[in-house]
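Here is a short briefing to read alongside the structure. Keep the 3D view open and follow each topic as it comes up.

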Amino acid sequence: MEGLGMKDFKNVYFIGIGGIGMSALARHFNTLGYAVAGYDRTQTKLTDEIESEGIKIVFDDNEQTIAEPFRNAAETIVVYTPAIPRDNKIMQFFANNGFEMVKRAAMLGVLTQKSDAICIAGTHGKTTTSTLTAHILRNSQVGCSAFLGGISSNYDTNYWSNTQSSFVVTEADEYDRSFLQLHPYLSVITAMDADHLDIYGNKNEVVKAFRQYAGLTTIGGSLVHKLGLPLSEKDVDEDVELFSYSVDNADADFYAFDIRLSNGRYKFNIMTPFGAVRNVVMGLPGRHNVENAVAACALAMLAGAEEDEVREAMKTFKGNRRRFDYKIEEKDVVLIDDYAHHPEEIRTMLTSVREMYDGRKITVVFQPHLYTRTRDFADGFAKSLSLADRVLLLDIYPARELPIEGVTSQLLADKMKNTDVSLTTKETLLNDLLGSQFDVIVMMGAGNIDALVPVVEKRIREIKSL
């Protein structure tokens, strides 16, 4: 950590500590023996878990809440996320009093520079692919440390350390161009769709940033990209190996074949440049996760995992919280929680649900995330959500944004001409959703819709006597 003079600091303060990426870093420094504390706007299950590990968190934006040891600029480094507004009082205290302050991405960049970093980039599929890659390596002779973008259902955490392995698995987040701070040794790019247009402006700039990211792959490393993405040998150093992957296209270097659906789970083989990995059983539902499995297999085998280790780990993989996360899986009722918040993610998710529950009524409860994203992709949201039989739309979750005139959930409803669609609220959701017959329910969004999932689950269990 000498790149940031970490040896001189005793304390690390995180502004926005409740974020999934920030919390993993906080856990890392806590494990290393630093005094760790932080601020976040909202108390959540994740902040409760972090506090139980000995990290003090405050939820009041007041500089007086900063504990005395962390007010010493000579001994404290401050890590912040760009999602925190500049007028945040805690942020201003540190900025105005001579503290060293670094973005989360810069701190992660230092960590990846001092390891063999396995980085997973892409506008979709990052969290599942990175967690599966880490799961395979953790259960192989290779091993790894991991900074994950979701809570692993296998290990109930988004971070672990393995001092015996040189590999560190992490997501490469394109928001705010954060991933350009990383030093990937092995890397996957899953998708390069238009997103975060509040940052990039247009898709061409998104693609340009991903090409820059590809060029960061260290000499002697490898870049694996989804077949068909606009990437070539010109985007990487001549001493970097370039591979492609696909769910089932034999033109790719890594691809699945003999894919079959059995009891809600997929069985398949994976062709690789090292030979075939046969009889893979995916522990996670959804055809899109077969594609994620191929990408994770590619990274794990390039890192040195063996065929048997890949096969066994795939079978035991349980995924992440809020990624095709079954809350109820009964014969006559299904409740799934998912983080999907981009039209392409919604399309992929609902296509998988439709394939698995063919002929059944699929109801989606969706909470749009960000006014700009809702505005920029309104047509795409309407088209993807129309794959459901019935849609209930919650109000837009603003996150870091102020409202935009004319941009509401009604905008999406107006564009969905042939679907049973209606608006709902947190207060009326139970009655709107469960007041009539229900079958397969998917609750989707990246805001705080996850807080409503246990409420819906509890009521369904009461109605169905489960």
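In this predicted model, helix α1 gives the most to the lining of the second largest pocket, with 3 residues. That pocket has a volume of about 330 Å³, and two or more of its lining residues come from each of α1 (20-32), α4 and β7 (145-147).

- The lining of the second largest pocket is made up of 17 residues, and H28, L111, S115, S145 and V168 are the ones that lie nearest its centre.

**The largest cavity**
- Rolling a probe the size of a water molecule over the atoms shows where empty space is left.
- The model has 2 cavities of 30 Å³ or more.
- The largest cavity holds about 40 Å³ of space.
- You can find the largest cavity by looking for its lining: R104, A105, L108, E171, A172, D173, S178, F179 and L182.
- Helix α4 (104-113) and strand β9 (167-172) each supply at least two residues of this lining, and α4 has the largest share, with 3 residues.
- The lining of the largest cavity divides into 5 nonpolar, 1 polar and 3 charged residues.

- Have a look at the open sheet: 5 strands form it in the order β3-β2-β1-β4-β5, with parallel pairing.
- Strands β3 (56-58) and β5 (100-103) are the edges of this sheet, as each pairs on one side only.
- On average, neighbouring strands of the sheet are turned by 20° against each other, direction ignored.
- Strand β4 (residues 76-80) runs parallel to β5 and is joined to it by 4 bridges.
- Across this pairing, Y80 stands opposite K103 in β5.
- Helix α4 packs on the sheet and touches β4 and β5, and its direction makes about 85° with that of β5.

**A glycine in a loop**
- Where is G264 found? Look in the loop between β13 (254-262) and β14 (265-272).
- Is G264 buried, partly exposed or exposed? G264 counts as partly exposed because its relative accessible area is 22%, while buried would mean under 20% and exposed over 50%.
- Leaving aside neighbours within four places in sequence, G264 is in contact with P285 and M356.
- G264 and G286 are 22 residues apart along the chain, and their C-alpha atoms are separated by 8.1 Å.

Note on methods:
Residues numbered from 1 in each chain as written. Predicted model: local features only at pLDDT ≥ 70, side-chain atom pairs only at ≥ 80, totals over all residues. Heavy atoms only, no water. 1 Å grid on protein atoms, 1.4 Å probe; cavity = no way out; pocket = protein on both sides within 12 Å on 5 of 7 lines; lining within 4 Å. Points joined across faces, edges and corners; volume = space filled by probe spheres on them. Nonpolar A, V, L, I, M, F, W, Y, C, P; charged D, E, K, R; others polar. Buried < 20%, exposed > 50% of the residue type's maximum accessible area, 1.4 Å probe, protein only. Contact = heavy atoms within 4.5 Å. Pairing = 2+ DSSP bridges. Axes fitted to C-alpha atoms, helices over the stretch in contact; angles between N-to-C directions.
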